[in-house]
Amino acid sequence: MIIKTIAYNTFKETVRDKILYNILLFALGFSILSGIVSQWSLNQEEKVLQDFGLTIISVFGILIAVFIGIGLLYKELDNRTIYTVLSKPISRGQFLWGKYFGLVLTLAVNFTLMAAGLLSVLWLFTGLLKVTLLIAVGMIFFQMTILVAVSLFFAVYASPVVSVVLTLFVFLAGNFSADITMLNPGIENPLFMSILNVLFYVIPNFSLLNINSQIVHNLPLNYIELIWSIVYSIAYSAVLLVFGSMIFNRKNLK
Amino acid sequence: MIKLENITKWYSKGFIPKKVEILKGVTLTVNKGDVFGYLGPNGAGKTTTIKILLNLLKSDKGSAQINGIDVTNPKSRQSVGYLPEQPCYYDYLTGKEFLDYCGSLFRIQKQSLQKKIDELLEKVGLENARNTHLRKYSRGMLQRIGIAQALINDPEVLILDEPLSGLDPHGRKDVLDIIIEQKNKGNTIFFSSHILADAESLCDKIGIINEGVLIAEGDIDTVLDRESASAGVEIVYTTDLTGIYEEFGKFGNIDKLQENKYRLTMEDKYHVNDILEKLISSGAEILSVNRHRLTLEELYLKKIR
Ligand SMILES: Nc1ncnc2c1ncn2[C@@H]1O[C@H](COP(=O)(O)OP(=O)(O)OP(=O)(O)O)[C@@H](O)[C@H]1O
Ligand SMILES: [Mg+2]
């Protein structure tokens, strides 16, 4: 109930925030641009357009999850609007979960719009109506829900700049974490290897949720694996938010 | 009921962090139905104490309770209304939406909440601004909406950090009336202020804090009486005796109040009998002898130098 109230208010804030419209406008501009660019890549336009579109959706997802997520929490702490909320009979954990779901709702609405945009652009330029793209967009969405949790986790105690840098680092590392362990660095130092191992398990594995190339190239999908990946993303966010709430609970508000 | 026990708070300050003690073991109790004025100069630690009561800051030592529940438990805030020092509210919400949000955080039912919102907007004089975004509110309007949100849950305990600041004379009167109304309902009110006249007229109890130490606390009359015990005496009499008894000047100040009406104000009470004898033997008529009772303002200025 309380979490829902806070989530809805957060969503309202993002909707009334002009930044969001700018982001969407950019997304639209980019999709049209990608349509035009794809005209030049002979015979490949379908694939290029899909690839390009999914990448754009990822980028705008990151912008929302990282910049709006960290920005909103920071603004709330800095402007002290948080006083009026936390002086009510709610816990800081509930506040953080509320923010999380509010941002996830924002993402969901934006992803729906962007997905619709991608399908339309593709259909307009190539005449292809490819509904399976929605699965790829959905998986990107689940990547972003993890990223929102990472953003909030850092933003409850670090400064906004540090939070943004750390979150982006986690995103990059999480995209390549599978490759890191595969590639043998040739360093036999056991300490280094164990740090690498811990990082591998701690940093979220975003590549699990990246099925862009399978979708674009119409390869078969393992649905069981996909469902497990979604469960993984939810569990990961939940654990992170529990830790985030514990840290937030000790914080002195300026 | 509010209870603070040995509350201590440190901050680290400076480039090379140095611990500074902001609250040095504050202990005080505000009973149900009391109006408590928390007074002290800028930087004394009033806001810090209040934020600890709402769990916005964590105390480093000691414990704080509201209605018997430790302040770290969100339930302690169920029947609390809080007005922050600086009015910082969501500027993208309208007045009505803001109150709606605050009310839902108290889990107030939709229908009774709507009624409550209308009632409060009227009470604080913002009916016409109900659909205006808070970013377009003036400072005083924000203070009013702040009061309204503090009353949304019909709180038994009101914690107000400088409720009268930023208001015009009408606004001050409105807020004073609201505080008196809450007091008459039997609610507990804890408010901080610099304005001693307000405190004197509103409070049953006061606490004066300076540099993190509570230097006077208790029933306002008791505190003033106690502190006045060592204060001076005023004698009002007829006849100008200044010329006759030079030494009178040493005991205190003589003011001419009217023709044939003089007042001798003395710092202490030790020579009262002597002086009275001298006055009578010189043919003066004694109009009154009073122990001077400190006003809250005098007490405050005496305590905080
Ligand atoms: N975040 C902070 N970091 C370091 N010191 C702080 C912080 N907040 C407050 N202080 C210090 O704590 C002391 C008490 O501040 P507080 O705000 O409680 O005073 P106050 O009694 O409310 O004063 P005022 O009447 O001006 O509102 C001040 O010396 C202030 O400098
Ligand atoms: Mg203050």
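Strand 1 (2-13) and helix 1 (46-53), both of chain B, each contribute at least two residues to the shell around ligand 1, and it is helix 1 of chain B that gives the most, with 3 residues. The model is predicted, and the ligand is placed in it between chains A and B. In total, 15 residues surround ligand 1, the closest being Lys46(B), Thr47(B), Thr48(B), Glu85(B) and His194(B). When the shell around ligand 1 is divided by class, 4 residues are nonpolar, 6 are polar and 5 are charged.

Several side chains of chain B approach oxygen atoms of the ligand. An N or O atom in the side chain of Lys46(B) lies 2.8 Å from an oxygen atom of ligand 1, and for His194(B) the distance between a side-chain N or O atom and an oxygen atom of ligand 1 is likewise 2.8 Å. For Glu162(B), a polar side-chain atom is found 3.4 Å from an oxygen atom of ligand 1. Taken alone, ligand 1 exposes 640 Å², of which the protein buries 72%.

Two or more lining residues are given by each of helix 1 (2-16) of chain A, helix 2 (95-105) of chain B and helix 3 (110-123) of chain B. By class, the lining of the largest pocket comprises 6 nonpolar, 4 polar and 7 charged residues.

The confidence of the prediction was examined for the model as a whole and for each chain. The model scores an ipTM of 0.87 and a pTM of 0.87. Chain A has an average pLDDT of 87, with 93% of its residues scoring at least 70, while chain B has an average of 89, with 96% of its residues scoring at least 70. Within chain A, confidence is lowest in helix 2 (residues 18-38), where the mean is 73, and highest in helix 6 (residues 133-155), where the mean reaches 96. Among the elements of chain B, the lowest mean pLDDT, 69, belongs to helix 8 (residues 248-251), and the highest, 97, to strand 6 (residues 80-83).

Terms used: Residues are numbered from 1 along each chain as its sequence is written. Chains are lettered from A and ligands numbered from 1 in the order in which they are written. This is a predicted model: local features need pLDDT of at least 70, side-chain atom pairs count only at pLDDT 80 or more; totals for chains, interfaces and linings use all residues. Side-chain values use heavy atoms; hydrogens and water are left out. A residue is near a molecule or strand if one of its heavy atoms lies within 4 Å of it. A polar contact is a pair of N or O atoms within 3.5 Å; within protein, one must be able to donate a hydrogen and the other to accept it, and residues adjacent in sequence count only if both atoms are side-chain atoms. Accessible areas come from the Shrake-Rupley method with a 1.4 Å probe; for residues, only the protein chains shown count as cover. Helices (H or I, at least four residues) and strands (E, at least two) are DSSP runs, numbered from the N terminus. Ala, Val, Leu, Ile, Met, Phe, Trp, Tyr, Cys and Pro count as nonpolar, Asp, Glu, Lys and Arg as charged, and the others, Gly among them, as polar. pLDDT is the predictor's confidence in each residue, from 0 to 100.
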